[in-house]
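Keep the structure in view while reading.

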Amino acid sequence: MCYGRFSEDGLEYIIDRYDTPRPWINCITNGKYCALVSHTGGGYSFLGSSGYSRITRAYPPETVLSDRPGRYVYIRDRVTGEYWSVTWQPVQRLPSYWQARHGLGYTRIVSETRGIMGDILYFVPLGANLEVWRVKIGNSTGIPRELTIFPYVEWCLGNYAFDLIETGFSGLFNQVELREGMIVARKNLWNIGHRPQKPHAPWDKIAFMGTSAVQEGFDTVRESFTGMYRSTQNPVGVERGLLANSVSTGRDSCGAFQLPVFLDPGEEWEFTVTVGAAGSIEEAQSLVTRFSQLEAVAEESERLAVHWREYIGRLRVDTPDDSLDLAINVWNKYQSRFTFDWARMSSYYVGGGSIIGFRDTCQDVLGVVPMEPGRVKTRLRDIAAHQFRDGGTLHNWDPISGSGPRTGHSDDPLWLVLAVAAYVRETGEMGFLDESCAYYDEGEGIIYQHIQRAVEYTLGRLSSRGIPLMGAADWNDGLDQVGSAGRGESVFTAGLLALALRELEALAKERGDDLTRDSCRGSYNELARAVNEHFWDGKWYVRAVTDDGYTIGSSKNDEGRVFLNAQAWPVLSGIAPRDRAIAAMDSVREVLDTPYGPALFLPAYSGPDPRIGIITMFSPGSKENGAVFNHSVAWAVMAEAILGRGDVAYEYYRKSLFLTQSRDILRYKAEPYVYAEYVHGPESPYSGMGEFSWTTGTAPWMFKVCTEWILGVRPEYGGLMVDPCIPPEWKGYRFQREFRGATYDIRVENPDRVSWGVRQVKIDGKPHEGQVLPDLKDAKRHQVDVVMGRAQGPAKG
Ligand code: NOJ
């Protein structure tokens with residue numbers, strides 16, 4: 001079964017059938033305005049916050065099943081009275097031709113029905129906060145055609161949950177009308193006097209919908225457009241060919257225009273629809289006017305193309321694996337940018353919060369830092385500003401208010417260390433560590449102090465055995481009861497702390513801060529000793545110990561015996577001695593590996609266990625209960641690469657890659673061009689089905705582990721390390737990358753068919769000692785020739 005394919009240049013995913021197993025969406029954003037657009041035009045938009053500043057509607061899970069509502073363009077034949085929609089949805093009349101293309105920053109849907117061609121390009125301009133629909137209608141028949149066109153959206157206006165849960169009440173505050181040819185939608189709800197409304201219910205923006213076309217009519221009351229007992233599939237307004245010019249005062253609202261057009265045979269007509277939110281009518285008016293000019297629209301869409309070409313061009317690979325190349329060069333990079341912009345805030349699958357997770361956004365940095373160090377620096381300042389003076393952090397925050405809960409998840413603060421280190425390694429900008437940044441509660445400290453405090457905070461929360469306390473949970477949110485009484489211990493957090501200590505130690509060394517360097521080393525050694533003394537089970541590391549001393553991830557358990565993260569993190573952080581590291585990762589392979597990559601743990605829990613937490617309540621094989629959680633698979637890839645087992649690292653990488661998964665699309669269902677958060681595990685009846693695509697830390701981590709640990713090109717403080725760990729059958733590959741202003745064109749040859757080891761490096765034809773390419777700081781292009789070969793000395797890892 002084939003629903004689509006990539007374009008020749010890989011820059012578009014082309015979908016030829018509208019009946020895909022799930023809505024396949026594109027996330028189109030300029031970082032402020034965001035539009036989720038499905039292949040049938042479904043989806044919603046928001047400005048700044050998915051939870052509190054929604055412009056248009058679409059609600060999971062209804063949206064996932066029905067892929068409605070969306071941004072629609074209906075066409076009605078004035079002579080026959082027949083009508084349909086360009087995007088197939090929502091009318092679902094059979095088109096004679098239909099195709100959707102998801103590209104970088106845009107989606108285009110083209111169809112032909114009853115001899116009328118419809119072509120909609122949806123995009124969000126780089127520098128303006130709205131979505132533009134460039135619409136073309138063409139007459140492919142030999143006779144003149146009289147048509148009416150109806151563009152349509154459904155308004156949400158601000159608070160997603162308020163609109164969803166209290167639809168009737170929420171509608172009371174709507175005021176939607178036509179002003180100077182533009183539909184203007186407001187929610188007249190304010191925090192007044194002594195009766196404050198629910199938090200964030202008020203919305204101080206106005207939504208707008210404009211068009212460059214001549215209008216015959218409009219509707220803003222949804223009931224008026226669809227009619228009673230009808231829906232967007234058979235709206236009475238379209239059926240009649242006449243909208244009612246309804247003004248929504250306190251009613252469930254929409255925006256729809258009635259646009260007449262007469263087309264001679266072969267004639268094509270082009271116009272725009274603009275939808276967005278603004279601070280004032282004047283601002284909205286100026287956006288509508290600007291994007292009603294077809295030349296301006298063409299210019300903006302060309303600017304967008306240049307922007308994305310430049311973005312993806314900053315790092316390119318050419319390997320024997322075309323799927324890997326397509327992921328790294330285009331689609332994994334594109335998804336990473338989306339997660340960097342919006343973390344886990346907006347999804348087609350789960351309800352819209354308005355939160356940026358502290359840990360999530362720190363990790364999202366890792367997927368964009370080679371392409372966008374400047375934006376990463378700004379983001380790091382913002383992240384550090386959500387850390388408390390004692391080194392603890394908010395668990396997440398709402399970008400509008402800046403506030404959020406302080407939950408005490410044990411891993412949160414430590415991710416900041418990894419994110420800051422990644423930025424400084426990329427840019428070499430040690431000075432960033434001296435930049436001052438306020439703490440969330442009081443006072444300020446330089447970035448270096450922020451990360452020192454993150455580490456000190458965690459070191460101050462160790463159990464009597466010297467293992468980090470679990471707190472509210474660790475990376476695995478589902479282990480939320482393990483440490484609720486303040487005694488449970490986490491091996492994940494131990495591994496993360498160890499890696500953070502190593503990162504801080506390396507930074508301290510660069511700064512000449514011997515005190516911090518030595519104390520990091522001491523704490524690291526202590527931690528390694530404690531983990532190896534108390535948490536080794538014989539063939540693998542255990543995952544955690546609960547408040548009442550129950551061990552999770554032990555050979556004594558019937559369920560939850562082996563956990564992936566508990567094996568990978570001791571390897572990533574180096575606290576596992578080599579023999580244990582090998583044994584632990586072998587256990588992953590023996591017990592956890594599946595056709596889709598290693599599961600998060602197995603066997604899954606069959607029912608609630610109050611000692612452990614919500615993880616045991618997800619159905620077996622789903623989400624964090626024994627699914628193949630792709631985010632964690634990335635850590636298995638990295639661990640195997642650290643151990644020098646390039647074939648296994650690559651095998652895990654390839655198994656979980658969306659391009660591999662989607663070969664069996666009726667099983668997998670999710671988009672073939674981005675990662676899903678997880679794939680149902682072996683104990684699920686839906687084993688192999690992808691879930692919760694787009695918003696997942698898998699994107700940044702897979703990008704990082706593939707480029708830095710399989711292909712082995714990773715920034716170090718002193719330069720760019722080239723340390724491949726590849727499948728031995730590869731003859732070689734090419735890796736081009738910008739690094740601190742210069743461009744390195746690295747050609748790796750593998751004549752001895754090894755997995756790792758480098759025997760020769762030449763820069764611009766001259767032999768170079770070692771594997772770290774120097775920071776040449778000359779803004780030039782350099783040719784680097786690397787020959788792999790049997791390395792002398794100790795085994796890798
Ligand atoms: C998804 C959450 O966004 C992330 O923060 C968490 O670490 C993983 N699920 C695992 O629980």
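## The second largest pocket

In this predicted model, the second largest pocket has a volume of about 690 Å³. It is lined by 30 residues, and those closest to its centre are R344, D360, D477, K623 and E677.

Two elements, β22 (356-357) and α9 (358-364), each give at least two residues to the lining of this pocket. The largest share, 3 residues, comes from α9. By class, the lining of the second largest pocket holds 10 nonpolar, 11 polar and 9 charged residues.

## The largest pocket

The volume of the largest pocket is about 910 Å³. Among its 35 lining residues, R425, R502, W709, R714 and E716 are the closest to the centre.

With 7 residues, α13 gives the largest share of the lining of the largest pocket. The lining of the largest pocket divides into 19 nonpolar, 3 polar and 13 charged residues.

The largest cavity contains about 60 Å³ of space. Its lining is made of C27, I28, T29, G105, W308, Y334, R337, F338 and D341. Two elements, β3 (25-29) and α8 (322-342), each give two or more residues to the lining of the largest cavity, and α8 gives the largest share, 4 residues. The classes in this lining are 5 nonpolar, 2 polar and 2 charged residues.

The second largest cavity holds about 50 Å³ of space. The residues lining the second largest cavity are G392, T393, R406, T407, G408, H409, D412, P413 and Y457. They divide into 2 nonpolar, 5 polar and 2 charged.

## A three-stranded sheet

An open sheet is formed by 3 strands in the order β26-β27-β28, with antiparallel pairing. Strands β26 (489-490) and β28 (551-552) are at the edges and have a single partner strand each, so one side of each has no neighbour in the sheet.

The antiparallel pairing of β27 (residues 544-545) with β28 runs over 2 bridges. Which residue of β28 is the bridge partner of A544? The partner is I552.

Conventions. Residues numbered from 1 in each chain as written. Predicted model: local features only at pLDDT ≥ 70, side-chain atom pairs only at ≥ 80, totals over all residues. Heavy atoms only, no water. Pairing = 2+ DSSP bridges. 1 Å grid on protein atoms, 1.4 Å probe; cavity = no way out; pocket = protein on both sides within 12 Å on 5 of 7 lines; lining within 4 Å. Points joined across faces, edges and corners; volume = space filled by probe spheres on them. Nonpolar A, V, L, I, M, F, W, Y, C, P; charged D, E, K, R; others polar.
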